[in-house]
Amino acid sequence: MPENPTTVEPTETGKQTGPAAHDARGVPIVLSELTKTYPGQAKPAVDAVSMEIPAGEIVVLVGPSGCGKTTTMRMVNRLIEPTSGTITIGGDDVTHLDDVQLRRRIGYVIQQIGLIPHLSIAQNVALVPKLLKWDKARIRSRVDEMLTTVGLDPDDYRDRYPRQLSGGQQQRVGVARALAADPPIMLMDEPFGAVDPITRSRLQDEFLSLQQQLGKTIVFVTHDFDEALKLGDRIAVLREGSKIAQYDTPEQILAHPADEFVESFIGEGAALKRLNFERVDSLPLQDDSVQTRETVDVSSTLHAALDLMVGKGLRQVTVARDGRPVGMVRVDDILDRVNRPAEDPTA
Amino acid sequence: MLLSLYTVLAAVAIGLLIAILTYRSRVRADFTIATAAVAFTLPSVALFGFLVSIVGSNLLAVFPVLVLYALLPIVRNGIVGLQSADPNVIDAARGMGVGGFRMLWQIRLPIAWPVILAGIRVSTQLTVGIVAIGAFVQKVGLGTYGYDALDNLGSVNTQNKAIVCILFVTLIALVFDAVFVVIRRFTTPRGARA
Ligand SMILES: Nc1ncnc2c1ncn2[C@@H]1O[C@H](COP(=O)(O)OP(=O)(O)OP(=O)(O)O)[C@@H](O)[C@H]1O
Ligand SMILES: [Mg+2]
């Protein structure tokens, strides 16, 4: 069992190439002893939280309703002023920066989206570039680029108004707007919480592939643990007062939950969920001379492979690379992996 | 007609200023609306009379009263309109670095505009009507006809003069109204149209 650290030193950090003000790629955020007590309340909503968010990673804050996720996140761009403690972005203490200027360098996406109703989609996306006084031609091409990036055809959507878009489309615009000025940091508060599960899953997939190119430092708030598992490079499981119950990679949290609170948050099926984090080609493949009725790709997750076996009532399936069989996995191989993980030397 | 125009312009300037200064605090906003409503219930003839006793029978006695009446709909709709912006829109904009003045000018005011315009429209109609009453103090505008009619009650022209007064006041109110439809059409951003 790993201990339950309040500050976790990142093991692998993303590429860091410069100070916050000029760098589109992520920069680290460090919270130390961050506390917020709302006026007239006895208990702090955020209680002495310390945490390091590595550059270029998605850190998901997950926890029960009212535990202080939103409050924690909104202190980063100073929409809420901390009662005590500090936040540094790329080494700069945010309270020493002009708050309005600071926010122009931090993308911000909320569940309710908040597109400006009387401005066209293009004008909404152009909001921050305009504040930063980009020239017109640059703004125009950037708007089209961003709409394309989030999967909306600029010719079709540029001149529409927010209310002429579906919820999912509006949230794409929300993401495009937050990314428009290429901020090194993104704060996202349950951005996909208000759309149907299918759209949500698609938005999540697109968001992940976008992040692979962009490498922003992202603070992502959700109360959906499965979303946290899917999106997070790291997950901070928070309890009341934004206290960190565990801060680790999804695999580690699933394999070694710090305590009962974290376990209860993971919910049922932790073992099965772990299968999502390993690919078929991480297993020692069995000899492929045996004929099986079904085939999985080497890049499939163990979860997908097991699902196929359970669904078809099979004990083994063929593994293929580029459509050509390269071996076979058995149910037993998967069971062994779950109980003796790869990094475990006894495996 | 000119007097009505000046009255409305003055009321818009003062009313919006009051609205902008008070909309943020619920207490101040409610207090302002209540005060304006009380002022509104004072009988206009009494107010005219009061001011005449101070400044004499001239336009100075008429104009402030007219502006006072014209204020209520503008202040009220101004405050309601400025408060009507979706808090999430404001939060998202603030979170992306839209500052205080820009927020008011580029986001709150445009969102409030249809409501404010409706207030100005009501205010204009009121003003046209009350200007006619103001004629009792200072002979201006069409109210003069109404005044003459009452003054010479029973004479041959009473009815004619009263009818002229009513007809033209109505006509002017309608003209102003038509102007508003046009203004609204051209000043409401497409996205804000219902
Ligand atoms: N403006 C405020 N004034 C007073 N108390 C507040 C304010 N905003 C939040 N709180 C309180 O602070 C605590 C943390 O709220 P916060 O919004 O950060 O929770 P959250 O984790 O984001 O919850 P959810 O998942 O429901 O969004 C709650 O107990 C809430 O009631
Ligand atoms: Mg929240």
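Analyst: In this predicted model, chain A holds an open sheet of six strands, ordered β6-β7-β8-β3-β9-β10, and the pairing is mixed. The edges are taken by β6 and β10 (243–248) of chain A; each has a single partner strand, so one side of each has no neighbour in the sheet. From one strand to the next the twist averages 15 degrees.

Within this sheet, β7 (residues 185–189) and β8 (residues 217–222) of chain A run parallel and are joined by five bridges. One residue to look at is A:Asp189, whose bridge partner in β8(A) is A:Val221.

Helix α1 (residues 69–76) of chain A lies across β3 (58–62), β6, β7, β8 and β9 (234–239) of chain A. Relative to β7(A), helix α1 runs at about 155 degrees.

Chain A also has an open sheet of three strands in the order β11-β12-β13, again with mixed pairing. Here β11 (295–297) and β13 (324–330) of chain A stand at the edges, and as each has a single partner strand, one side of each is left without a neighbour in the sheet. Neighbouring strands of this sheet are turned against each other by 40 degrees on average, direction ignored. Strand β12 (residues 316–321) of chain A runs antiparallel to β13(A), and six bridges join the two. In that pairing A:Val317 stands opposite A:Val329 of β13(A).

Now the partner chain. The contact draws 24 residues from chain A and 20 residues from chain B. About 2,000 Å² is buried between chain A and chain B, with 59% of that area coming from carbon and sulfur atoms. Across this interface there is one salt bridge: A:Arg74 pairs with B:Asp91, and their closest N and O atoms are 2.6 Å apart. Five residue pairs are in polar contact between chain A and chain B, both residues at pLDDT 80 or more.

On the side of chain A that touches chain B, the elements giving two or more residues are α2 (99–104), β6 (106–110) and α4 (127–131) of chain A.

Notes: Residues are numbered from 1 along each chain as its sequence is written. Chains are lettered from A and ligands numbered from 1 in the order in which they are written. This is a predicted model: local features need pLDDT of at least 70, side-chain atom pairs count only at pLDDT 80 or more; totals for chains, interfaces and linings use all residues. Side-chain values use heavy atoms; hydrogens and water are left out. Contact means heavy atoms within 4.5 Å. Buried area is the accessible area (1.4 Å probe) that two parts lose on being put together, summed over both. A salt bridge is a side-chain nitrogen of Lys or Arg within 4 Å of a carboxyl oxygen of Asp or Glu. A polar contact is a pair of N or O atoms within 3.5 Å; within protein, one must be able to donate a hydrogen and the other to accept it, and residues adjacent in sequence count only if both atoms are side-chain atoms. Helices (H or I, at least four residues) and strands (E, at least two) are DSSP runs, numbered from the N terminus. Two strands pair if DSSP finds at least two bridges between them. Axes are lines fitted to C-alpha atoms, for helices over the stretch in contact, and angles run from 0 to 180 degrees between N-to-C directions.
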